[in-house]
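Trainee: Please take me through one part of this structure in close-up. Start with a single residue, then show me what lies around it.

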Amino acid sequence: MIISLVRLPVDGLRFKHQYQAGELDTGNFEFELQEPPLVTGRVDRAGMDMRLRGNIKALLVAPCDRCLNQVPLNFEIPVDLFYTPEDTGESRTGEIELNSRDLDFAMYENDEINLDEMVLEQLELNLPSRVLCREDCRGLCTQCGADLNVEQCDC
Ligand SMILES: [Zn+2]
Ligand SMILES: [Zn+2]
């Protein structure tokens, strides 16, 4: 979904979008969507920038690092992002690029914010560094690939 900023109301623009299955392309990501995200929020002008505040709810599945079984991950992510226009002055742009990751700055262009990109990025950012189906997952046998949680192989 694209949020158009062309006629942004003075008191902000509210949005709510329930994604449908297949609407987001997760092909480049480590996770899959079990239940497509519900995104709610608002966009307000903040000087030169746009501020997007909201909430993403989604149920993902990602493979366990050890046994590769799909692990459900229930997400509810509060979002508070600043979007800065793509074509600002050069000095300013350099500064923003340096800080962009730390300060939750993103770019927008053509007076629109791509909500799909935002949602996918936020889901990716909030994935645990380590996905485990359970703390003591025994993983796969490195020889035969048996799932050691459910069977004992002869290796
Ligand atoms: Zn596991
Ligand atoms: Zn084995």
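**A loop residue and its surroundings**

Mentor: Start at Leu68, which lies in the loop between strand 4 and strand 5. Strands (E, at least two residues) and helices (H or I, at least four) are DSSP runs, numbered from the N terminus. Phi of Leu68 is positive, near 70 degrees, and this residue is not a glycine. Most residues other than glycine have a negative phi. Leu68 is partly exposed because it has 13 other C-beta atoms within 10 Å. The cut-offs: buried means 20 or more other C-beta atoms within 10 Å of the residue's own, exposed means 12 or fewer, and partly exposed is in between, with C-beta atoms placed from the backbone.

Remember that this is a predicted model, so local features need pLDDT of at least 70, side-chain atom pairs count only at pLDDT 80 or more, and totals for chains, interfaces and linings use all residues. Residues are numbered from 1 along each chain as its sequence is written, while chains are lettered from A and ligands numbered from 1 in the order in which they are written. pLDDT is the predictor's confidence in each residue, from 0 to 100. The chain has a mean pLDDT of 89, and 89% of its residues reach 70 or more. Among the elements, strand 2 has the highest mean (97) and helix 1 (residues 90-99) the lowest (51).

Two strands pair if DSSP finds at least two bridges between them. Strand 2 runs antiparallel to strand 3, with 6 bridges. His17 has Val39 in strand 3 as its bridge partner. Strand 3 and strand 4 are also antiparallel, joined by 12 bridges. Here Arg45 stands opposite Met50, and Leu38 opposite Lys57. The hairpin of these two strands has 2 residues between them, and Gly47 there takes a positive phi near 65 degrees.

Next comes helix 2. Its buried residues are Leu115, Met118, Val119 and Leu123. Seen down the axis, they fall within an arc of 125 degrees, so they line one face of helix 2. That arc is taken from the directions from the helix axis to the C-beta atoms. An α-helix has 3.6 residues a turn, so residues three or four places apart point the same way. The face turned away carries the exposed residues Glu117 and Leu125. What covers the buried side of helix 2 includes strand 1 (2-4), strand 2, strand 3, strand 4, strand 5 and strand 7.

Last, the core. The largest nonpolar core has 18 residues, and Leu52, Ile113, Leu115 and Val119 have the most contacts inside it. Strand 3 (32-46), strand 4 (49-63), strand 5 (70-85) and helix 2 (115-125) each supply at least two of its residues. Strand 4 gives the largest share, 5 residues. Such a core is a set of buried Ala, Val, Leu, Ile, Met, Phe, Trp, Tyr and Cys residues joined through C-beta atoms within 7 Å. Leu115 touches Met1, Ile2, Ile3, His17 and Val39, leaving out residues up to four places away in sequence. Contact means C-beta atoms, placed from the backbone, within 7 Å.

Terms used: Two residues are in contact if their C-beta atoms, placed from the backbone, lie within 7 Å.
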